[in-house]
Amino acid sequence: MLTHAITADPVLEFVSDVRAGLTLRGQKELPSKYLYDDVGSALFEVISVLPQYGLTRADERLLRRHASEIADNVPKHVAVAELGSGSGKKTRWILKALCRRQHISYFPIEISPTALAMCERELGDIESMSIVGFEREYLDGLIEVVARRHDGQSILVLFLGSTIGNFDRPAAAKFLREVRNILQPGDSLLLGTDFEKPIPQLIAAYDDPLGVTAAFNLNLLARINRELDADFVLEQFEHVAKFNPDARSIEMHLRSRIDQNATIPRAGLSVSFREGETIWTESSHKYGWTEPLRIAKDAGFVCKAQWIDQEWAFAENLFIAE
Ligand code: TRP
């Protein structure tokens, strides 16, 4: 099914997701999308400039260096939909390259209103481009964008960073199929993928010595305190990044340092944690060299081109809907 119910009240949705995740019998979990409130989004901007986290810089390098080549490989009359634009900084190069040929419409799709506002400010100066932001989940936003398609216009979807890696493998395959089903043959998808690397390098990228990533992860509990009046004692939890060899992913957890309880009044909930018990907050799956091409093919895309960074194993893949 392509359509998703849009929950009218984001607080109610947050409450119900927190309740569902923290009352699971086995591994407790919280959805990673809640990491990105104002504080979390600002901390992620810092993560992206840390020496240990090469991913965002690789993404930016590729987009900057190959912007005109990428533009040359998509139809001229194009509307750009970006899934999870963030601040929009790294998208500038490709948008400028596209605008050199023809006026374009850019539709950033973001669940964070702050990120969306930043993106509109950051990219608002690009000539011959109009921006209309959608504060929506990815697929809901994309459905709205294609509904605005003009005659003869093709769609370019940007899914940058390595957000696809935050889905487990079956979910990533399903997501790409859903994207494909919303699109028409000839539309394009530019997908960022992060490749497998030595485990110590991955651990360092997700558990930096300054503790920025730890703060980013712990902010999720701080956010539940702020927004749902909870009483998590942050000092009693620690950030853990570990490699899961079966899933080939880095898993992020918040580990309880002691036996403890937390109450979340606005969710009508009291949760107990054993010493060492964790809340799983995010996984970042890493791909084998040919994997992006395979999952794209399975979803109904062909690969038109791929650009790989020399410093940090990361690729920009340009796929065309069949
Ligand atoms: N999408 C990013 C990634 O997986 C997000 C990220 C970076 C992240 N560091 C993190 C998520 C630490 C949770 C915890 O690379």
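# Ligand shell, salt bridges and selected residues

E144 counts as partly exposed because its relative accessibility is 21%; on this scale, buried means under 20% relative accessible area, exposed means over 50%, and partly exposed lies in between (1.4 Å probe, protein chains only). The model is predicted, so local features need pLDDT of at least 70 and side-chain atom pairs count only at pLDDT 80 or more, while totals for chains, interfaces and linings use all residues. Residues are numbered from 1 along each chain as its sequence is written, and side-chain values use heavy atoms, with hydrogens and water left out.

**Salt bridges**

- The whole structure contains 21 salt bridges, each being a side-chain nitrogen of Lys or Arg within 4 Å of a carboxyl oxygen of Asp or Glu.
- In general, side chains of opposite charge can pair when their charged atoms come close.
- R136, like E144, is partly exposed: the relative accessibility of R136 is 26%, and that of E144 is 21%.
- E291 and R169 form another salt bridge, with 2.6 Å from N to O.
- Because E291 lies in helix 11 (residues 291-299) and R169 in helix 8 (residues 169-182), this pair ties together parts that are 122 residues apart in sequence. Helices (H or I, at least four residues) and strands (E, at least two) are DSSP runs, numbered from the N terminus.
- E291 is buried, with a relative accessibility of 5%.
- R223 makes a salt bridge with E227, and their closest N and O atoms are 3.0 Å apart.
- R223 and E227 both sit in helix 10, 4 residues apart, so about one helical turn separates them.

**The ligand and its shell**

- The residues around the ligand are L35, Y36, F44, Y53, L55, N166, Y206, T213, F216, M252, E282 and S284; a residue is near the ligand if one of its heavy atoms lies within 4 Å of it.
- By class, this shell holds 8 nonpolar, 3 polar and 1 charged residues. Ala, Val, Leu, Ile, Met, Phe, Trp, Tyr, Cys and Pro count as nonpolar, Asp, Glu, Lys and Arg as charged, and the others, Gly among them, as polar.
- N166 has a side-chain N or O atom 2.8 Å from a nitrogen atom of the ligand. This is a polar contact, meaning a pair of N or O atoms within 3.5 Å; within protein, one must be able to donate a hydrogen and the other to accept it, and residues adjacent in sequence count only if both atoms are side-chain atoms.
- Y206 has a polar side-chain atom 2.5 Å from a ligand oxygen.
- S284 has a polar side-chain atom 2.7 Å from a ligand oxygen.
- The ligand taken alone exposes 360 Å², and the protein buries 97% of that; accessible areas come from the Shrake-Rupley method with a 1.4 Å probe, and for residues, only the protein chains shown count as cover.
- Helix 10 (212-228) and strand 12 (278-285) are the elements that give two or more residues to the shell.

**Two buried residues**

- N219 is part of helix 10 and is buried, at 4% relative accessibility.
- Apart from neighbours within four places in sequence, N219 is in contact (heavy atoms within 4.5 Å) with L35, D37, V39, G40, L43 and R226.
- D59 belongs to helix 3 (residues 55-65) and is buried, at 0% relative accessibility.
- A polar side-chain atom of D59 lies 2.8 Å from the backbone nitrogen of G161.
- Apart from neighbours within four places in sequence, D59 is in contact with K90, L160, G161, F314 and E316.

**Positive phi angles**

- Most residues other than glycine have a negative phi.
- D229 is not a glycine, yet its phi is positive, near 60 degrees.
- D229 sits in the loop between helix 10 and strand 8 (237-244) and is partly exposed, with a relative accessible area of 48%.
- R248, also not a glycine, has a positive phi of about 50 degrees.
- R248 is in the loop between strand 8 and strand 9 (249-256) and is partly exposed, at 26% relative accessibility.
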